[in-house]
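How does one read burial, backbone angles and chain contacts from a model? The dialogue takes these topics in turn.

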Amino acid sequence: MSDIILEMKNITKEFPGVKALDDVNLVVKRGTIHALVGENGAGKSTLMKVLSGIYPYGSYTGDILYNGEECRFTKIKDSEGKGIVIIHQELALIPYMTIGENMFLGNERGKAFAIDWGDTYAQADKYLKAVGLNESSTTLIKDIGVGKQQMVEIAKALSKHAKLLILDEPTSSLNESDSKALLDLLLKFKEEGMTSIIISHKLNEVSYVADDITVLRDGKTIETLHKSVDDISEDRIIRGMVGREISDRFPKRKDVKIGDVSMEVKDWTVYHPIYREKKVVDNVSIHVRRGEVLGISGLMGAGRTELAMSIFGRSYGSGISGELYINGEKVVLNSVKDAIKHKLAYVTEDRKGNGLILSNPIMTNTTLANLPGVSNRGIIDTDKEYGVAEEYRAKLNTKCTGVVQNVGNLSGGNQQKVLLAKWMFADPDILILDEPTRGIDVGAKYEIYCIINQLAAEGKSVIMISSELPEVLGMSDRIYVLNEGSVVGEFDGAEATQEKIMAAILKSSNK
Amino acid sequence: MSKKKIMDGVQKYTMILILVLVVAFFTWRTDGKLLLPQNITNIIAQNAYVFVLATGMLLCILTGGNIDLSVGSVVCFVGALGAVWLAKGMNMWLVVVLMLAVGLGIGAWQAFWIAFVRVPPFITTLSGMLVFRGLSNVVLKGRTQSVSHETFVRLFGGGANCYVPDFIGGPEAELNMLCLVVGGAAIVIYLAATFMSRAGRIRKGYDVEPIFQTLIKAVVISAVIVFFAYKLAQYKGLPTALIWVAIIIAIYTYITSKTTVGRHFYAVGGNEQATKLSGINTKKVYFIAYANMGLLAAFAGMLTIARMSSAQPTYGQNYEMDAIGSCFIGGASAYGGIGTVPGVIVGAVLMGVINIGMSIMGVDANYQKVVKGLVLLAAVIFDVVSKREKT
């Protein structure tokens with residue numbers, strides 16, 4: 001057998017409107033740990049989904065060679081049959097089942113009408129031992145911690161006779177010691193001949209375990225670095241991840257006067273709504289001024305959305321503590337209604353799930369957050385409503401057949417404009433825009449940037465949460481960097497660079 | 001594009017097309033008996049409760065395909081209470097108010113668990129279905145209680161003589177003149193409203209539907225009203241139940257299409273999370289839907305005991321199915337967020353036609369249930385499949 005276990009050649013995968021992968025190549029040597037790194041949306045997870053058959057053969061172009069033979073996986077079972085097992089970022093375990101039941105879910109021991117529980121638990125115990133987990137396989141998943149759950153996932157992968165293990169951000173929800181244990185386990189497997197592919201944002205971990213590092217950016221392979229041949233320091237990797245030219249994709253704001261502080265958050269702490277002991281936002285203090293565009297940068301899961309939503313009328317989280325000042329006055333916003341009354345707006349990152357009613361027309365979506373604005377004592381003036389919708393359609397240049405068209409039939413960019421229109425009509429002074437350009441094309445992005453500039457020029461405060469560093473750098477007057485629930489950096493918009501922001505994030509992750 | 005538009009148009013009016021086909025089918029199978037004045041009258045008089053309950057059920061369904069299984073039992077329980085109170089000689093108006101209050105109370109009880117404790121509506125109302133059926137038996141002691149209060153019976157459209165007196169043509173007229181006058185007035189009001197709103201939109205420069213479409217709609221609706229009025233006039237005139245049904249429909253059509261409260265129902269059903277993040281109290285929306293359902297069930301209870309001139313522990317059985325069926329047949333979505341009161345009226349009429357048509361044909365009562373059950377399933381399948389094609 002050759003020493004190359006996997007070769008992915010010229011992989012291209014398109015989604016409607018976006019090229020997620022563009023001629024990507026990946027070569028993985030047998031018995032090594034191969035790291036895939038890149039910013040959010042660089043295509044790492046997509047590439048792994050292609051490999052595991054979640055995106056079936058035919059939905060992408062290019063070849064996959066595994067042990068030298070060409071593979072055409074159409075479902076996960078196909079790739080698992082060959083020993084390629086993927087462990088997803090979100091744990092896929094069922095809380096009210098035992099470890100053993102989870103491990104063999106869909107792959108039950110014994111016959112279809114007579115599950116062999118004895119064999120199930122004996123096998124499960126064997127694999128638990130292999131990952132060094134000292135738990136009985138009859139324990140319920142809900143009773144063990146996240147770190148151990150991740151180990152169960154790995155044991156489950158072993159039970160499928162994995163030869164190539166793919167881990168998508170395995171340590172993102174683990175603490176330091178659990179992460180270390182997991183990485184050491186991977187190194188032990190390596191000694192035993194297992195090949196692993198690990199996707200991670202934590203570059204210190206990558207430097208620790210990886211033999212080879214492939215950098216993806218904007219759906220393209222940038223480079224592959226080899227341990228002991230190339231410099232694989234974190235700085236070197238970061239340069240590969242972010243090293244793109246920033247061209248003039250961002251409209252300039254002309255002479256916008258930045259005024260007084262309009263909103264200030266002090267010592268804001270939020271806990272997870274279900275896992276109430278888990279801190280999601282940790283002692284954050286930020287402020288924003290009138291006419292200012294404030295960027296909030298950070299990786300996915302840094303707590304940015306959670307921070308925004310917990311401020312916005314406590315729509316997220318539990319055990320929220322801290323102080324909130326609007327125009328210098330201390331306020332307590334207990335509901336979204338309160339928040340809207342205090343002229344605060346939150347434009348969600350999830351426009352389909354949390355933002356728009358897709359089965360309703362543009363008109364009713366536009367007025368939903370401010371129905372009193374088009375009604376009199378609870379009676380809606382439909383003519384006025386139509387007028388308002390029409391006004392914002394023209395103002396934001398929303399492309400549609402008319403304001404009675406259902407929002408579900410619009411493109412992503414135009415849906416985003418309707419969502420913005422909805423919140424602009426609520427007449428806020430402070431707008432929190434969460435990933436305002438996610439999943440929309442370049443032209444629509446530019447238009448959204450122009451709207452943001454317009455809002456700032458009107459003296460409103462705009463807080464823009466974004467995972468796209470160029471966007472944050474191109475649009476913000478000032479930038480906060482969040483990581484793991486804390487503010488880990490504050491930069492002036494003119495002085496910030498991608499390297500500085502990434503360094504701030506990574507430095508705090510290493511702690 | 002134009003083909004898609006035609007398809008959309010066809011889909012929009014599918015239920016009306018189906019209604020026409022079903023009417024044609026039963027007219028053929030009953031040798032035209034379906035369209036006799038007496039049967040036309042019965043479609044409304046016998047099914048008044050369906051219209052009332054379906055209107056309330058629509059609000060529940062709008063919140064997310066949630067249904068209320070308890071309405072049949074609530075109709076029976078409130079009816080039983082009313083009958084007993086009337087028999088004791090209580091003041092009629094007090095009884096009316098008390099019945100409505102009890103209905104609202106029952107609705108609020110269920111609504112509380114559904115809205116604030118998040119008990120699934122299906123379970124909550126299944127419990128109510130048992131509880132209030134049982135209590136009906138208790139109140140009536142398992143017997144029939146006759147309702148002999150004449151004003152009550154007449155007012156709520158029941159008994160043998162349930163028609164509005166023809167004070168225009170007089171009792172001797174061959175055609176009930178009041179019917180024709182009311183029908184004529186309805187057409188005038190409808191046409192005036194349609195064309196005035198159209199003119200208003202044109203004046204403000206808004207989009208309007210093509211004039212021929214408006215005209216066709218106007219002609220068809222006018223023709224239907226004329227037909228109805230004429231048929232009713234040929235029989236005994238305006239059933240009092242029709243007045244009540246018309247009032248309920250008018251109120252709820254207005255609420256659902258013109259008020260912010262009505263808009264909230266559609267928003268919650270369309271996307272609850274987005275609605276919550278728009279500053280709307282979604283719990284209150286659920287509460288109103290189910291509390292209101294109790295109120296309308298009480299009203300349907302009045303119509304029922306008045307029509308039957310009695311209350312029995314078995315009244316109201318399967319009423320929930322009629323109401324739910326009317327909603328889904330009338331185009332309400334099983335996922336919530338879509339459905340209109342006029343649509344539900346079409347659905348209720350369709351249910352009524354099927355009920356009466358099969359009765360005239362002499363179809364066995366058990367088979368009638370089979371047919372109605374399958375019609376309900378077909379309506380929901382249609383909704384689910386047409387949704388899937390869109391996405």
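What follows is a short exchange about this predicted model.

Q: Which residues of helix α15(B) are buried?

A: A residue is called buried when 20 or more other C-beta atoms lie within 10 Å of its own. In α15(B), the buried residues are Y319(B), E320(B), D322(B), A323(B), I324(B), G325(B), S326(B), C327(B), F328(B) and I329(B). The helix spans residues 319–329 of chain B, and 10 of its 11 residues are buried, so the rest of the structure largely encloses it. After α15(B) comes G331(B), with a positive phi near 95°.

Q: Where does R377(A) lie? Is R377(A) buried or exposed?

A: The exposed class takes residues with 12 or fewer such neighbours. R377(A) counts as exposed because it has 7 C-beta neighbours inside 10 Å. It sits in the loop between β19 (375–376) and β20 (379–380) of chain A. Although R377(A) is not a glycine, its phi is positive, about 50°.

Q: What is the phi of K141(B)?

A: K141(B) has a positive phi of about 50° and is not a glycine. Its place is the loop between α7 (121–140) and β1 (145–146) of chain B. K141(B) is exposed, because 10 other C-beta atoms lie within 10 Å.

Definitions and conventions. Residues are numbered from 1 along each chain as its sequence is written. Chains are lettered from A and ligands numbered from 1 in the order in which they are written. This is a predicted model: local features need pLDDT of at least 70, side-chain atom pairs count only at pLDDT 80 or more; totals for chains, interfaces and linings use all residues. Helices (H or I, at least four residues) and strands (E, at least two) are DSSP runs, numbered from the N terminus.
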